[in-house]
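Me: I'm new to this one. Can you walk me through what's on the screen?

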Amino acid sequence: MAEGIGSRRQGGEVGDQYDPLGRHLDNPERFQQCAQRAMPIFFSSRLNVWVVSRLADVKKVLRDGQTFSCANVLRPLTPLSPRVLPILLAGYPLVPVFRVMDGEQHRRQRQLWADGFGPDQLEGIRGYLTKRATSLAEDMIAGKRPAEFMAAYANPLTISAICQMIGYRPEHHTAVGEDTAKAAALAMGHLFLSDDEQVEAAQSWVQCQKLIGRYIAERMVEPGDDLIGEAVRAYAPSGAPVTEDQEAELVASIFGVTLAGHVTSSALLGDGVLRLLEHPEQWRLLCNQPQLIRTAIEEIARFCSPGHIFLRKTTRDTTLAGQELPAGAEVAVLLAAANRDGAAFDRPAELDITRRQRIGHVTFGYGPHFCLGAGLGRLELEISLRILTERLPTLRLVPGQPSTSRPWLAQKCPFTVPVTW
Ligand code: HEM
């Protein structure tokens, strides 16, 4: 198919062309728009999954956890190198986390964490985040121009935020950030270019697990009032030692929430600032009218959609977008495409920070697995937009240095965002 013209075979030519980690990595929009119009469901021969992109179909999948299971949501893009498993086995046993669970089991496990990211906890972290964001902005201003926004601001702010909320001490924030960023490749549908890259990701994974194990041991002796302490108490309410299996579950869930809390928020913050600066009239508007920050947050979330493509697996025969699917079929939902569905959003390809959306976007997911940290992600963006527009109103992209995205299926995140002011 010349991109733009419908294919005649359900999932045939369109699916063969779809290359989300190759030629559609940095600019998937045109392909997605065409597929959405002409082929709402197609089979991707590269990913070996059925792909849906219309908002209504994406919501249908995400809402119905009984038919569309999360069991495969963290599966790697390609089988991992045989060198990886021994490294992972030297860490904590690989137990399922609530991210891959369904139904009642998922609801129970998720609840242990959900309260920790509620409105009171977010208000509690606002002061810390404002201070940290201010100091990072000041360091950037005092430093050399041009600066690289991901390294100077987006990564350190988001890792501090999640670490502070969970209960890691400040001296561990940087290491946790580096390890989770590398380890994330194993769970984000990363296109690995070498075995060595996989080995490094696995080593970081285990290193971070071991650090979490030490925190759990500390909290067993001295219960703290942070989220690690609360998680330990939930497993061992009477102060009895946790079993090995419980310890493995605790490590896995603390690690999972840390990783999810860091990498996706830095993607939203980095890509959000990148897109605003690519539309300088929108950046100026925000600088002149900071009262627009609230609507800007939702529009940036919709437009950037850092949670890009998520997987599900059918538990029974079903029909999706007119296509019959057998039990066991894998389905990918294109959140980013759904957020630009012309049937749901006027001028979907336009970034307009004054937009009032009549239908909700799916940037933070939908249904039972709706993002646990959506409030934290929004808060980080709110505080950052306020501080950056106040202190760096002349912020702009460095000409001639285009940003490229990480080759991750589950997430769209720029490697670097070179800025000056
Ligand atoms: C700020 C940008 C963020 C975006 C765009 C984002 C996006 C998403 C999306 C789309 C899902 C649903 C995935 C699916 O249904 O398969 C999700 C789930 C999740 N998110 Fe986020 N997230 C963000 C930040 C955070 C933060 C700060 C945390 C920290 C707590 C977090 C923790 C989680 C967890 C634990 C889940 C799984 C929930 C479950 O399985 O019940 N996320 N996120």
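The chat below goes from the overall fold to single residues.

Me: What kind of model is this?
Reply: This is a predicted model.

Me: How many helices and strands are in the protein?
Reply: The protein has 15 helices and 10 strands.

Me: What box do the C-alpha atoms fill?
Reply: Roughly 65 × 55 × 40 Å, taken along the principal axes.

Me: And what percentage of the residues is buried?
Reply: Buried residues are 44% of the 421.

Me: What share of the contacts comes from residues 24 or more positions apart?
Reply: 75%, counting contacts with a separation of 6 or more.

Me: Now the ligand. Which residues come nearest?
Reply: There are 26 residues around the ligand, and G261, G365, C371, G373 and G377 come nearest.

Me: Which helix gives the largest share of that shell?
Reply: Helix 11, with 6 residues. Helix 11 covers 244–278, and helix 15 covers 374–391; each supplies at least two shell residues.

Me: What is the shell made of, by class?
Reply: It has 15 nonpolar, 9 polar and 2 charged residues.

Me: Let's stay with helix 15. Is I387 buried or exposed?
Reply: I387 lies in helix 15. It counts as buried because it has 20 C-beta neighbours inside 10 Å, and 20 is enough for that label.

Me: What does I387 touch?
Reply: A133, T134 and A137, leaving out residues up to four places away in sequence. R108 is another matter: the C-alpha atoms of I387 and R108 are separated by 38 Å, and the two are 279 residues apart along the chain.

Me: Switching to helix 7. What span should it have, and what are its end C-alpha atoms apart?
Reply: Helix 7 has 18 residues, 149–166. At 1.5 Å a residue it should span 26 Å, and its end C-alpha atoms are 25 Å apart, which agrees.

Me: Where does helix 7 bend?
Reply: At N155, by about 30 degrees. A proline, P156, follows within four residues.

Me: Why is helix 7 called largely enclosed?
Reply: Because 15 of its 18 residues are buried. Just after helix 7, G167 takes a positive phi of about 120 degrees.

Me: Which residues other than glycine have a positive phi?
Reply: N48 is one of them, with phi near 65 degrees. R347 is another, with phi near 40 degrees. Most residues other than glycine have a negative phi.

Me: Where are N48 and R347 placed?
Reply: N48 is in the loop between strand 1 (41–44) and strand 2 (49–52). R347 is in the loop between helix 14 and helix 15. N48 is exposed, with 11 other C-beta atoms within 10 Å. R347 is exposed too, with 10.

Me: What is D352 in contact with?
Reply: E299 and R347, leaving aside neighbours within four places in sequence. D352 also lies in the loop between helix 14 (335–338) and helix 15. D352 is partly exposed, with 17 other C-beta atoms within 10 Å.

Me: Last one. Which residues does a cis peptide bond join?
Reply: R145 and P146, with omega about -5 degrees. P146 lies in the loop between helix 6 (119–142) and strand 4 (147–148).

Technical notes:
Residues numbered from 1 in each chain as written. Predicted model: local features only at pLDDT ≥ 70, side-chain atom pairs only at ≥ 80, totals over all residues. Expected span 1.5 Å × (residues − 1). Bend = angle between axes of the 7 residues up to and from the residue. Buried ≥ 20, exposed ≤ 12 C-beta atoms within 10 Å, placed from the backbone. Contact = placed C-beta atoms within 7 Å. Near = placed C-beta within 6 Å. Nonpolar A, V, L, I, M, F, W, Y, C, P; charged D, E, K, R; others polar.
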